[in-house]
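Biologist: Could you walk me through a few local features of this one?
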Amino acid sequence: MQLEKRRVLLVCSQRLFGQSLETILRRVEGMELLGPVELALENFEARLLELRPDAVIVVDEGEHSLRASLLTAAILQQFPSLPVISAGLEQHTFRVYSAHILPARSSDLVEAILNLPPGAPWEASQPTSHYKS
Amino acid sequence: MSRHRVLLVDDHALLREGLAGIIAAQPDMEVVGEASDGLEAVVMAQQLKPDLILMDVQMPGLDGIEATRQIRDELPGTTIVMLTVRDDDEKLLAALKAGAQGYLLKDIHSRDMLALVRGALRGEAALSPRMAGRVLAEFQRMSARAPAPCLPDDEELVDLTRRELETLTIAMRGASDKEIAEALCISIHTVKSHMRNILSKLHVNTRREAARVARSRGLL
């Protein structure tokens with residue numbers, strides 16, 4: 001039985017870094033790369049509903065970093081089950097964002113806080129492998 | 001058709017890997033190596049003798065500008081184009097003084113980057129029009145400040161023959177006398193004679209110095 005491919009949407013302005021990512025991701029078996037597309041805060045909802053990706057990669061290409069951050073936050077807000085990966089040239093890391101939705105009860109809130117990964121968030125950040133989907 | 005041999009130097013692994021894919025897809029280029037810092041770049045350049053190096057500027061340890069200077073000292077025939085996020089006049093001018101043939105920002109489209117580096121391999125400057133304007137402005141500023149140079153009475157105008165220039169151009173790429181002879185269809189004895197004349201006319205002792213002086217005087 002053929003496994004379904006992961007549909008990943010690449011959001012970038014088609015400059016060198018975005019094109020570099022496209023080159024890498026198109027070679028990956030088991031992945032269907034959508035885009036590259038440019039998304040704006042004004043139209044991202046409609047495009048995502050149309051494309052229905054399994055994950056979104058938002059490329060921060062330096063001068064547009066605020067726009068990339070705002071877009072990432074907006075996607076997470078509107079599509080909380082959709083993982084968003086942020087990649088940029090200024091950092092040599094990428095960030096995976098996903099929203100965890102819980103019932104609005106105090107017990108769930110307290111449990112979520114107590115179950116957060118250990119570590120000091122204000123120390124110099126290092127890439128970790130603590131990500132859980 | 002022989003392909004240009006390209007060395008990629010950048011500490012951003014994801015960009016470097018993607019860039020390798022873009023370059024490898026070109027019919028006239030092949031990636032022969034990758035380095036993640038300037039020191040590694042210098043070592044790999046000496047080993048691989050690439051035709052073209054795409055060099056990041058900001059890297060840990062030895063930065064791209066110093067690496068460019070060292071590589072150009074050893075391998076004056078290597079074309080180096082800086083590729084950076086930094087739109088910085090100081091870095092631009094420092095890179096060109098170190099011997100870079102171009103300075104490109106990473107917000108460029110790959111299509112434009114490839115066109116410019118191909119031009120650099122032909123001896124053109126890989127600069128955006130805006131950057132070229134800055135270089136021109138700096139040149140004009142320096143000309144306005146510096147007095148007109150006068151040649152000392154005893155400095156002769158250097159005149160290398162066409163054959164001597166051809167010999168020196170090939171020697172700059174690190175070719176041996178035997179390789180130069182084969183390329184120019186002349187004897188090794190003739191190559192040695194040309195090299196003696198070149199060193200004498202340029203008042204230098206080594207081929208590396210000869211290449212540097214010839215380039216600085218606009219002979220190459």
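**Helix packing, a strand pair and a serine**

Modeller: Helix 7 of chain B and helix 8 of chain B are oblique to each other, where angles under 35 degrees count as roughly parallel, over 145 as roughly antiparallel, 65 to 115 as roughly perpendicular and the rest as oblique. This is a predicted model, in which local features need pLDDT of at least 70 and side-chain atom pairs count only at pLDDT 80 or more, while totals for chains, interfaces and linings use all residues. Residues are numbered from 1 along each chain as its sequence is written, chains are lettered from A, and side-chain values use heavy atoms, with hydrogens and water left out.

Biologist: What angle do helix 7 and helix 8 of chain B pack at, and how far apart are their axes?

Modeller: The angle between helix 7 (residues 162-171) and helix 8 (residues 177-184) of chain B is about 130°, and their axes are 10 Å apart.

Biologist: Which residues meet there?

Modeller: B:Arg163, B:Glu166, B:Thr167, B:Ile170 and B:Ala171 of helix 7 meet B:Ile180, B:Ala183 and B:Leu184 of helix 8.

Biologist: Switching to strand 5 of chain B, which way do its residues point?

Modeller: B:Gly102 and B:Leu104 point one way from strand 5 (residues 102-105) of chain B, B:Tyr103 and B:Leu105 point the other way, and all are buried, meaning under 20% relative accessible area, with exposed over 50% and partly exposed in between (1.4 Å probe, protein chains only).

Biologist: And B:Ser110, buried or exposed?

Modeller: B:Ser110 is buried, at a relative accessible area of 11%, and lies in helix 5 (residues 110-121) of chain B.

Key. Axes are lines fitted to C-alpha atoms, for helices over the stretch in contact, and angles run from 0 to 180 degrees between N-to-C directions. Helices (H or I, at least four residues) and strands (E, at least two) are DSSP runs, numbered from the N terminus. Contact means heavy atoms within 4.5 Å.
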